[in-house]
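The structure is shown first, and the description follows.

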Amino acid sequence: ISDQKPLGCWSVKHGQVLSCPVVCNFETHEYIAVHDDRVLRIWKDEDINLDKAFKATLSADVCRIHSLPHGGPLVLFRAGGVRTLDVLLEAPQQEIENVTSDETIRWSGAFMESQQPVVVFVTEKDGDFFVYVQKPKQESVHKYRLEPQELSQPLSFTAYLKNQTVTLLCLCSNDSVYKVLIPLQQDPEEEEQTLPKSLLLNLSVSGSVLKGTSLVVLDKDHVAVLGSLAAPGKEPKECLTIWNTKFQTLQTSKELPLGTSGQLWCYEEKFFLIHGKDLTVIMYKCETSSLAAAVGKLKDSQTPGVSSCVNWNTLGDEELLVSFQSHEPVALKTESRMSLRSRRNTAAKVQPENLSVGQPLLNLKDAPTSVLENELRQLMSKAQTPDSQATIGSVVTALANRSKTNPKYYPQNFLLQLVETRDLSYSLCPDLMALALERKDMYLLQVCLQRFPDIPEEITYACLKTFLSISEAHLRSTEVDLDSVICYIDVELRNKDVKTEIVENGFSAELDQDMCDAKIPKESHSKINVESCPVGPQRAALLNAVLHSAYSETFLLPHLKNLPAQQAILFLRYLYYLYVKCSEKVNTTLPGVRSPTINQIMDWMCLLLDAHFTVMVILPEAKELISNLHKFVRAQVRFYSELNKIEGSLRELQRLNHLRDSQSYSIEVLEII
């Protein structure tokens, strides 16, 4: 999520349907899925084709798979039977008992109690709700009836385990949350008990009522509810809310104008929800609850024992700066595709002493340049805190916003210092690279490409287009880091006609004259011309930074198709030059710091040819380049093919060397047939 890169994708065959959510086995690091109700699939990250993954056909329909960190996967069947995955795989066709009586499972959850897995699920039949508690390793099942509620029905459930008691929370249609206590210890001979409900929370405040669709438990005093908040005389608005159950107060809320799917997930102090077409991730931190925090009257953010901090900022201009102020009752940081794509190592915890960072930034909004930069340096020289990354990101955003409003103001050295000395990411300062592109700051763009792990493909393409279009005269007067090119580009001889015949990696044009039918000038038939670098050292260093940046082919290719033809040819010529340079070395590695690897070069060549294949075929100026590239690749394929033929002989020679007595002297002639 932080880098916005797809890491893996698997699909079932046409006509097959994934019938329950896929889970991860924490112990074996495998994925477990069920399609068409009964077909179990298990695979790992390195598996590409799901159809070739492990397959087991079960004897009954699966409702849900639950995966516990220390209890292994548990399979819940639609008829109420539960099996551990290990037991199920021993005999996939084993008979599954029918626990429920024509009931439909509405919700299920799994817990670990006394190192034993426990599955709790809620069923419905003719408007009545029942709760089942199963301990698969003890083969015990307990059934309870939920106390009926007049004029309301349960809409959503969630639960947590504490002191051998499961607390089930029910979000009901009368805009209330009820609590049900489910004991895990029961006499098997006792008759079916009815579990009473107790009112936990009314979802109304100041005349507004929340029509909830989903809820999750944050801690013993807080719950989060996703739903539609309706105020008298106003249109209902979908929002995510956090409620304090101890003091019956609405802690905070966030409007979601693009709409949601009605589902809310919570995992490791992060919310996950669908907002519009995006998956939004929201980090939160709950601490000890207090009445002052619950009613929004908290005066001193450093008071011991004070509660949960949350802030709904989305990196919006001054809103970001205000978000660090200390008067907020709850603090939450939002990560989404549209706003913050934080790095994985960005801490979610917000320390109370760091919440006042925004106030100095607001005070310095209109300060003179020298005063602003001095104050910011002092601010960042303070001890590192878990939220210092977000603080520095807000500083960079403030400087970028000031530069946009004042064309004469551009603190290049200060911005470079921040990027080079701090562990930043694109997510924390999304306006920085856009500003550098606008000001044509090549050095800052180069450093950002080298250091930011999460640059969107659109920005990577914009940098590439800028690097290819800017004039050589302008680049010669531009400061650029040349460490990645200085070891393999001869700056003094770059404009001379240097021709090299590549023979080190098995290429010889005399062996390959018949490999390409394209008409090439006569001198090319005797040897391939490998010209000096087609671009200057400054442009080469900038292009190397692009080659190093992370990308997803799916997202980059549409942008790359918009690259002008002449720029695409120039870029391909440079990639071809690098490819030949790599092939000159036995280890196919370019010298220098942060030089491109052979894999990066070939990946970008393939991308560029995929994006501009028609252009390369049609344009006359690209014909010789494509022909030379074709011949070079064919020659290397032939060379490695010949090496493969003698691989067995070389292995035998190596074995004989091990068997030979190192003390004796001999001359042997080995004939390779």
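Two strands count as paired if DSSP finds at least two bridges between them. The model is predicted. In it, strand β9 (residues 116-125) and strand β10 (residues 128-135) run antiparallel and are joined by seven bridges. Val119 has Gln134 in β10 as its bridge partner.

Both strands belong to an open sheet of five strands with mixed pairing, in the order β8-β9-β10-β11-β15. β8 (104-113) and β15 (193-195) are the edge strands; each has a single partner, so one side of each is left without a neighbour in the sheet. From one strand to the next, the twist averages 30°.

Another open sheet consists of three strands in the order β5-β6-β7, with antiparallel pairing. Here β5 (62-68) and β7 (82-84) stand at the edges, and each has a single partner strand, so one side of each lacks a neighbour in the sheet. Neighbouring strands of this sheet are turned by 20° against each other on average, direction ignored. β5 pairs with strand β6 (residues 72-77) in the antiparallel sense over six bridges. Within β6, Phe77 stands opposite Val62.

The remaining element is a helix. α10 (residues 457-469) has 13 residues and reaches 18 Å from its first C-alpha to its last, close to the 18 Å expected at 1.5 Å a residue. Its buried residues are Glu457, Ile459, Thr460, Tyr461, Cys463, Leu464, Thr466, Phe467 and Leu468. An α-helix has 3.6 residues a turn, so residues three or four places apart point the same way. Which helices do the buried residues of α10 pack against? They pack against α8 (431-438), α9 (442-451), α13 (537-548), α14 (553-560), α15 (565-584) and α16 (598-611).

Methods
Residues numbered from 1 in each chain as written. Predicted model: local features only at pLDDT ≥ 70, side-chain atom pairs only at ≥ 80, totals over all residues. Heavy atoms only, no water. Helix = DSSP H or I, 4+ residues; strand = E, 2+ residues; numbered from the N terminus. Axes fitted to C-alpha atoms, helices over the stretch in contact; angles between N-to-C directions. Expected span 1.5 Å × (residues − 1). Buried < 20%, exposed > 50% of the residue type's maximum accessible area, 1.4 Å probe, protein only. Contact = heavy atoms within 4.5 Å.
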